[in-house]
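Please look at the sequence and the structure below. The paragraphs after them lead through selected parts of the model.

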Amino acid sequence: MSTTTYREAFRAGLREALAVDDRVFLMGEDVGRYGGCFAVSQGLLEEFGEQRIRDTPLSESAFVGAGIGAALGGMRPIVEIMTVNFSLLALDQILNNAATLLHMSGGQLGVPVVIRIPTGPGRQLAAQHSHTLEGWYAHIPGLRVVAPATLADARGMLATALIDPDPVLIFEQIALYGASGELADDAGPVDLDHAVVRRPGSDVTLVAYGGSLAPALAAAEELAVDGVSAEVVDLRTLRPLDTETVLESVRRTHRLVVVDNGWRSGSLSAEIAARVAEHALYELDAPVERVCAVEVPIPYPRHLEEAALPGPADVMAAARRAVG
Amino acid sequence: MTASLREEKDRLELLTEMLRIRRFEERSVELYSSAAIRGFLHLCIGEEAVAVGVLQALGADDAVVSTYREHGHALARGVPMQAVFAEMFGRTTGCSRGRGGSMHLFDASRRFYGGNAIVAGGIPVAVGLALADAMQRRPLVTACLFGDGAAAEGEFHESLNLAALWRLPVVFCCENNQYAMGTALARSHAQTDLALRAASYGLRSWAVDGMDVLAVRDAARLAVDTARAGGGPCFLELRTYRFRAHSMYDADRYRGKAEIARWRERDPVELLASALVAEGVIDTARRAALEAEVAAEIDRAVEAAEAASLEPVEDLTRFVRSEVS
């Protein structure tokens, strides 16, 4: 084991991907000379050169579309969009081309592009840099959407995404880049199909993903002090959803709290609640609880940003209501 | 074969290809009227010289990106007529297995990347195809066809800049038929000289008479050769006109009959046909024989398309993700 940061784990994944496959290249705004807006790709330009680490103009639609075209042309592009709110400028390409070409062409045109999108709140970046829009992308058939929330996933999801013959969106938590922890020295590719139980428990299931995993785990820790045993499920892959792992947990605990940094209405939390209602309603001993972002654009001041987001106290309160 | 004989043969082929497209589109109108084809149907009658002139300038391994008004482009690229009709009938033998319809013709084997019905949405993809060829050191060119309406979209400007910045082998072919659906160029652009605007990005750029298939062909060859030789992307503004409405739903109230009549005097099919007759390359009997050959091909293609099967409903969710064996 070694101590490392999420930033370094993502970079290690990038470096390995570039080293093992000549078809892989990275492009996006400031990924080269600047080293990446969040310093994830620092040093890669010097190591791999201008051909494979490509600074682009501020043209999200054009360079995401170019990634799609390059994928059609036999390359394995990794496209970085600086933050999730900017990804909306490329939504045409992501939805109308990347997610759609295979079907629209009757199976002829797979699009093996990987799009990395820093996302999420926590840095006081205000209402155009802090949102959690993963749920919108998880709505779209044709995409795989993943949310690395641990160091191992930060290190290992990219390699697996690059093997996928179809588009994969990787949502990286901006607030986690600087966080550090222990990572196995032989950490490598991880599966992109399954949710994982991060903490076993028996009284209540807390389902979280991406930026909501940390408050869910913190809440579980606190709940344990009070004698409430909370199981924490990390969804990891938001599309396709691993419903079965969630259902298995609910069948054990009979109570469900979904923690989602996205807005409540029409959210992933709503999807999880609906699936549990469809498949395990009679397993539930209490109504489903949802802890979501308050439905406001994320404000700048720290106290308001924190108030807008699910925190451990909110999760604990919801879990206690569920446990009764 | 002497140079002049080869040129005669080439011109006859250009005429034949334009006739195939013209008659194909006319049959499509009939089939639409009888409800055999549904959805949107955008005809390129009047614009055949663009399709034929541009597409014949490409090699078999070059790539093509097109729009929703792409029947002519697909046919000129060599997509079998039967596969295009079958696509519009929604049959499994369609060039997109019937999943796409008129606006989404694809043929990966011919590097025909469709069939994009978001105005300007295909342009970034063309840049990426050219990037892939350049990075893999393949001496190939991507032709990207779009209409004048696309020149108002951000993706157009972003893509021209990116292609020029990276000197990618793209030939941007703006099929300027004067109208973005019902809005005339001058009603939506302060500067209507599109070739001039493209040149401002650092591309070599030409405005071409899009009704003259020989002019289109020669300009396309020059642009393709330039891009292939490492001269960077090129831009062709091909000034043309659609004789029919924007789509089958369009009542065509936004332009005068006199204007349409004026452009019809420069019908690209008739321009070339009359030149060939005047020069004695073909006579009226040969022209009639050509028409008969094209009509027979269309009859066979429609018949085959009609006989093809529909995809079983159980297969509805196929092709959302790749089928990995």
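A:Leu26 stands opposite A:Ile53, a residue of strand E3 of chain A. The model in which this is seen is a predicted one. Strands of a sheet pair through backbone hydrogen bonds, and they do so either parallel or antiparallel. In chain A, 7 strands form an open sheet with mixed pairing, and their order is E3-E2-E4-E5-E7-E6-E12. The edges of this sheet are strand E3 (53-55) and strand E12 (237-239) of chain A, each of which pairs on one side only. On average, neighbouring strands of the sheet are turned by 20 degrees against each other, direction ignored.

Two places in the loops of chain A deserve a note on their backbone. A cis peptide bond, with omega at about -5 degrees, joins A:Arg239 and A:Pro240. A:Pro240 is found in the loop between E12 and helix H9 (243-253) of chain A. The other place is A:Ala39, in the loop between E2 and helix H2 (44-48) of chain A. A:Ala39 is a residue other than glycine, yet its phi is positive, near 65 degrees.

B:Arg97 is not a glycine either, and its phi is positive at about 60 degrees. B:Arg97 has its place in the loop between H4 and strand E2 (112-116) of chain B. With a relative accessible area of 27%, B:Arg97 is partly exposed.

Now to strand E8 of chain B. This strand is mostly covered, since 5 of its 6 residues are buried. Strand E4 (residues 170-176) of chain B runs parallel to E8 and is joined to it by 6 bridges. Here B:Cys174 stands opposite B:Glu237 of E8. Strand E7 (residues 204-209) of chain B is also parallel to E8, with 6 bridges between them. In this case the bridge partner of B:Val208 is B:Leu238 in E8.

Helix H8 (residues 194-199) of chain B contains B:Ala195. B:Ala195 has a relative accessibility of 8% and so counts as buried, the cut-off being under 20%. Which residues is B:Ala195 in contact with, leaving aside its neighbours within four places in sequence? They are B:Ser205, B:Trp206, B:Ala207, B:Phe235 and B:Glu237. The C-alpha atoms of B:Ala195 and B:Leu238 are separated by 9.2 Å, while the two residues are 43 residues apart along the chain.

The next topic is the aromatic residues. A pair of aromatic rings is described by the distance of the centres and the angle of the planes. Over all chains, the structure holds 12 aromatic pairs. In one of these, the rings of B:Tyr179 and B:Tyr241 have centres 6.4 Å apart and planes at 75 degrees, so this pair is edge-to-face. The pair links distant parts of the chain, 62 residues apart: B:Tyr179 is in strand E5 (residues 179-180) of chain B, and B:Tyr241 is in the loop between strand E8 (234-239) and helix H10 (257-264) of chain B. B:Tyr179 is buried, with a relative accessible area of 8%. B:Tyr241 is buried as well, with a relative accessible area of 0%.

B:Tyr241 also pairs with B:Trp263, and this pair is stacked, with 5.0 Å from centre to centre and 5 degrees between the planes. B:Trp263 lies in helix H10 of chain B and B:Tyr241 in the loop between E8 and H10, so the pair ties together parts that are 22 residues apart in sequence. B:Trp263 counts as partly exposed, at 22% relative accessibility. B:Tyr179, B:Tyr241, B:Tyr254 and B:Trp263 form one aromatic cluster.

Charged side chains meet rings too. The charged end of B:Arg255 sits over the ring of B:Tyr179, 5.7 Å from its centre. Likewise, the charged end of B:Arg38 sits over the ring of B:Tyr32, at 4.4 Å from its centre.

Last comes helix H12 (residues 284-307) of chain B. At 1.5 Å a residue, its 24 residues should span 34 Å, and the end C-alpha atoms are 35 Å apart, which agrees. Its buried residues are B:Arg287, B:Leu290, B:Glu291, B:Val294, B:Ile298, B:Ala301, B:Val302 and B:Ala305. An α-helix has 3.6 residues a turn, so residues three or four places apart point the same way. The buried residues of H12 pack against helix H1 (3-33), helix H4 (81-88) and helix H11 (268-278) of chain B.

Definitions and conventions
Residues are numbered from 1 along each chain as its sequence is written. Chains are lettered from A and ligands numbered from 1 in the order in which they are written. This is a predicted model: local features need pLDDT of at least 70, side-chain atom pairs count only at pLDDT 80 or more; totals for chains, interfaces and linings use all residues. Side-chain values use heavy atoms; hydrogens and water are left out. Helices (H or I, at least four residues) and strands (E, at least two) are DSSP runs, numbered from the N terminus. The expected span of a helix is 1.5 Å times one less than its number of residues. Buried means under 20% relative accessible area, exposed over 50%, partly exposed in between (1.4 Å probe, protein chains only). Contact means heavy atoms within 4.5 Å. Two strands pair if DSSP finds at least two bridges between them. Axes are lines fitted to C-alpha atoms, for helices over the stretch in contact, and angles run from 0 to 180 degrees between N-to-C directions. Rings of Phe, Tyr and Trp (its six-membered ring) pair if their centres lie within 6.5 Å; planes under 30 degrees apart count as stacked, over 60 as edge-to-face and the rest as tilted. A charge sits over a ring if NZ of Lys or CZ of Arg is within 6 Å of the ring centre and within 35 degrees of the ring normal.
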